[in-house]
Amino acid sequence: MTLYHFIIDIFKQSLNMKSVALHNRLTTILLKNFTILLFFGFSISSFSQDVDEAKQREGRKLFKSLCASCHKLDKKLVGPALGGVEERRENAWLLAWIRNNAELRASGDQDAIAIYEEYNGSNMSAFPQLTDKNINDILYYTTVGEIKKEVVADSSTVAVGGSTSGGAPEWLIYILAAAIIVAFLMIASLLKQVNELKGNTKPDVKSNLKRDLQELWVGIKNNTFLKVTFTIFLLLVGAYVVFGTLFKVGVDEGYQPIQPILFSHKIHAGANKVDCQYCHSSAKHSKHSGIPPVNVCMNCHKNISEVAENTVVELEDGTVYGKEYLDNEIAKVYKAAGWDAENLEYTGDTKPIKWVRIHNLPDFVYFNHSQHVVAGNVACQKCHGPVTEMEEMYQYSELTMGWCINCHRETRVDLKGNEYYAKIHEQLAKKYGVEKVTAAQLGGLECGKCHY
Amino acid sequence: MASNKKYWKSVEELKDSSIVETLSKNEFVEEIPTDQFLGDKETLENSSTSRRDFLKYVGFTTAAASLAACEGPVVKSIPYVVQPNDVIPGVADWYATSIADGYDFANVLVKTREGRPIQIMPNKEANGTTSARVQAAVLSLYDEKLRLKNPSKSGEEISWADADKEIGVKLNELKEANKPVVLLTGTLASPSTQKIIEGFTEVYPNIKHVVYDAVSESGAADAFMAMYGKRALPNYHLDKAKTIVSFGADFLGDFHGGFEKQYIAGRNPNTGQMSYHVQFESNMSLTGANADKRVVVKPSDQVFALLNLYNAITGNNISSKATPVDAEVKKMAVELKKSGSKAVVLTGLNDKNAQLVALAINAALNSEIVDVNNTLNVRQGNDTEVAQLVSDMKSGKIAGVISYNVDPIYTLSNAEDFAAGLDKVSLKVALSTENSATVNAMDYALPTPHFLESWGDTQFDESTYGLMQPTIQPLFNTRQVQDVLLKWSGNSTKYYDYLKAFAATTILNESSWNKALHNGFFKREIVASNIKAEVSVANAAAALSSSAKKASGFELNLYTKTGLGDGKQANNPWLQEFPDPITRASWDNYLTISMADAKELGFSNPVKDNGAIDGDYAKVSVNGKEVVVPVMIQPGQAKGSLGLSLGYGKTFGLKEEMQVGVNAYPLYVNGNNIQYGVAIEKVSGNHKFACTQVQKTIAGRHDILKVASLKEYKTVEPKDHHHGWNKPAYVSYDHQEVEANTIDLWDEHNRDMGHHFNLSIDLTSCTGCGACVVACHAENNVPVVGKNEVRIGRDMHWLRIDRYYSSEVETREEAKELGLSRGETYRKLETEAENPEVTFQPMMCQHCNHAPCETVCPVAATTHGRQGQNQMTYNRCVGTRYCANNCPYRVRRFNWFKYSDNSEFDFNMNNEYGKMVLNPDVVVRSRGVMEKCSMCIQMTQATILKAKKEGRLVNTDEFETACSSACTTGAMVFGDVNNKKDKVAALAEDKRAYNVLDYLQTKPNVIYQVKIKNTNEA
């Protein structure tokens, strides 16, 4: 961060640029570490003693992969809640049902038919591949449930850390500022000594600093060389600040508006490894990457109505949001989709989510996602940054023309398996002996390719 | 050969007026009106604002502006809740559908973006074509000013249910009382709707269906009925014709819906198969302008000429009269006979007898060109029934009128009778898409959807069954007329289900509905009918002859303009601003008059120093009805005849800016497009035309147009130094005459790699119809600037169609050789101008490889792309306008104002509905920048991207521009010359290919093909 960034930050804050508050990421990295420390400090884990952890782990794994899309332990989903199912049913019946429920029903088992009808005839898949041990592991898991990690400090919705401070300058600025101040103080003390030697001392009535500054000012005023130097210095700083400011107008690198739903890319794309294009599916077809419609959210969230026990989202300002808060955010998705989570049905009362757009290109520039994602094979992260680590999305790149052009100059076009590029490459190679082809060589610097 | 001709754009130019000379030198004729905002010197001096104050203000505003700019807006992105499967934001969906608004009929493809139709293109698979009006119809969809939004009763909003109930009760009352009710519609050309109407009239036997077309071709339909027992219009396969003789039939315009495509298909100089087309007409029509030979003859003489031709061909001796063009008629009789079954005669007179005579001539010729089986259903209006209806209404016989999308109060010549009659009607219901005077006069105004919001089917000719599907959710609280009628008939079926069932049972023969819907059409077998009634053509001819003999005074030929047609879309700014192909005037209709008559009566069209032209007013009276119209002198207008276009002067509900022109319908008595006994008188006043003909002149440059005869084309070497019809340009270099392409100011670049785009325009095939102009508007968000701005030469058309008149007369040099004085030469030219030849030339940015504009831009805002496109970067442009001054083609347009969100320009870009038509892939330009044709770089880029994404080469002929895809006749061909298989690659090398102003060596990427005319020489 350079000086003008610093000054701009102050500008921005004073102007309250973007009516949506900006979270300053850079300042909060330290705070984040502090928060993590706090957590480790307070959290003491204790485990129940009488649980066969290996068996539970095995069962949990199988449950998550095979059963979790329709069952939960404590809640009805597509199928019944399975917590304590071993207490309700015979083990043999359960084994038979899980392995092939249709067969069991066909054999005329009344219980089987009853439960089938209770759930409106939703078919449960057969699992002939499961051994008895597998099934018993799963059942063991349904009985013991999760191994609770008891956290002493209540992690939900506790804001940890101090209030967010304004823009903090980097070390360079401190050094520069310090150097300047030291230099001025030196000049000031020199001038003072000169004055004293001349016998011009005035009665010492004011505080030292104020007096020093005054003397400094008088000194500068009297000394032509200093006056000129000082003026040039001020002009340079002024020009630097003005140009820096003007060039940064409309550049919203780091823009991180508050969204209507606290959506964490870190949880979705990071922890759960959801492919970017699962949600942003039009990125491969269209110029827009597309903000996923609510029905895409519901593909998963129809079954995921709450986050796991210890999930937290911690923002860079140090605010930490826990389960209660996050479950409420999922509920917002339900509200938008018109999903009645109690009765598991769509009410038709929908309400679109009004996201705040982060990446805004001016109208006079044409950008096409599919060009970059499909034809160019560019990874999303190249422009959007470490999205998998972002709790709250922000604009990672400058999105200025210089930034685009640079990449077009440097990026080698992926020629493999693309007949279109192969032909151009062949022509270029024949005529100019070009080996590597950059986007720029294919006309990627021409004005009209993006401005029309 | 071309060089013997003098090309001119306006009559003024012939007179060598100094204004034209001045105009030719100035790109921007209008001075920047500095005094308008500075005021005069005196006020400036008296002003209390001192220089220091001024600087303070400037400083303050600059600071305020910069501060305001710091605040970035918060943009919301609102995704769908449930995204429709076929919608990907940012990707266009195309739907095949049909347009049938009662006047324009076409099988089209509609481009939609995020559920909004933004462009209409012809459905070429269905043999569909689009005109300027069809192209512009997409904007009429978003006409929030005129469209009806909710059902209303006497101005009060009412629910559909209440309207149904009240009207149902009333209908039943009238049925009980057996009082006649009339359902008045335009031509529907929809089999299922016809069936629904039949069902409706079965339930209410007191209801009669009357078809009323504002611009009628009732005569032709009646004549066909008399001869072939079916009320329809004959189809003409002009592509197979060898000789075409037309008596005032504007078949490239609106005659029978237009035959452009077929006509041009029959005129291919490369194959040598070129029809010989002679047009006898009084007005200068688009068809006449394209004819090989145009014979100027006033309407009554047209009738006699037609009869003389009939006599000459059939050997009959119907009483007729000698006309000044009899020699020509005789020649044509021989020609027609020679061509035999490949000859055809058409007439545009809306008169049953005249049409019968034409049919009889064709029958006598055994013409294969006339198709009596695959007939046209696009004009079904019945003038007799309409006249009967009005008189019945007036006498109080009619108890109810249900109108659907017709506006008789505007379009009937006896509108006051209709209005008076309407007062005596007890049930008055208007079903209408748009508000109109007629809707306003009715009790119930029930909104129906635009065709882009509707389901439906169409049957324009017998062989093509077309389907119509909605391309957008209904914008307003509308209900389709079919649904309304089904409901009132007590049928609870939804029209969509009805249509599906109807198509499945009667049309599709087990073929898939989905497939037909996807294609937008279904080809049907035509049942050939061999009915040919014996009609006494002799009687018809005699009646025709005697009616024409009554002709006296001036003869008025009412016509429809290419832009506005019957006036249905008068509130469409694209069409209003569309310059008429012949007169190049927009935003107006006018009385066209011959030069001789104008001189006699003292009319003139002075050119103003800003390139605008003015006109005098004339009072025209026909049968006691008078209108006052501005006069435009039209070269090629028959002496003693006048022309006036219908469709203008509509006022009810229109935006103020669109209320232009004069309503000529009051003169359109009995649907007769020819009115005899017209009196005209000069009245005071000065009319300001918005005419682009003198603007953007060519500065006296030559080698713009090249025209050759078919004979020359076949026999003469094109590059021959003396007689060649496509000679290369020669320039003087070191006092030597050398070929222009041997010297060059610029360095040559390698252009054989990647794509290199060329656009070829065949002047032989271009009819000047202007579909491309409107397509360009839609594709490129070209703003509409309004009448006043067009008048002073600030029109924004990226693509214009220049119309040149030419006369077969000596150049000045040759005149000198012949010893003609200057005055004599011009007099000679003026006489020639009585019937000039016309050539159309679409002109847009030529995308010069050596572009003069690029070198003068101080900020490098206009640069050259490797693919041949001259690129214009609006965000770089600072508006010096040097480029426009340096462009020899006059194709750059300066944005004088911000045309969007500006109440001064209250056109489509200024309201939220109209904005929906904007193409999201093209930026809406702001004030102070230059803009021009981009060769649809957004389309070429999209095509390239598609290929890249699919990892393949671009297919042959895959590249398109908006103009080339809209071109009905295939005159415009776009493509990549580096792909030798692309059509354009061969065209670029064709012997007819030339560049405009090739001696300048700008090396344009737009190629023109020499116009070949069939002069019918051996």
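This is a predicted model: local features need pLDDT of at least 70, side-chain atom pairs count only at pLDDT 80 or more; totals for chains, interfaces and linings use all residues.
Residues are numbered from 1 along each chain as its sequence is written, and chains are lettered from A and ligands numbered from 1 in the order in which they are written. Local features need pLDDT of at least 70 and side-chain atom pairs count only at pLDDT 80 or more, while totals for chains, interfaces and linings use all residues.

Reader: Which strands of the open sheet in chain B stand at the edges, and why is one side of each left without a neighbour?
Author: The sheet has three antiparallel strands in the order β3-β4-β5 (chain B). Strands are DSSP runs (E, at least two residues; helices are H or I, at least four), numbered from the N terminus, and two strands pair if DSSP finds at least two bridges between them. One side of each edge strand lacks a neighbour because each has a single partner strand; these are β3 (93–100) and β5 (116–122) of chain B.

Reader: In β4(B), which residue is the bridge partner of B:Thr97?
Author: β3(B) pairs with β4 (residues 105–113) of chain B in the antiparallel sense, over eight bridges. Within β4(B), the partner of B:Thr97 is B:Val108.

Reader: Which element of chain A gives the most residues to the side that touches chain B?
Author: The contact (C-beta atoms, placed from the backbone, within 7 Å) takes 54 residues from chain A and 44 residues from chain B. Elements of chain A that each supply at least two residues include α15 (323–337) and α19 (419–432). With seven residues, the one that gives the most is α19(A).

Notes: Two residues are in contact if their C-beta atoms, placed from the backbone, lie within 7 Å.
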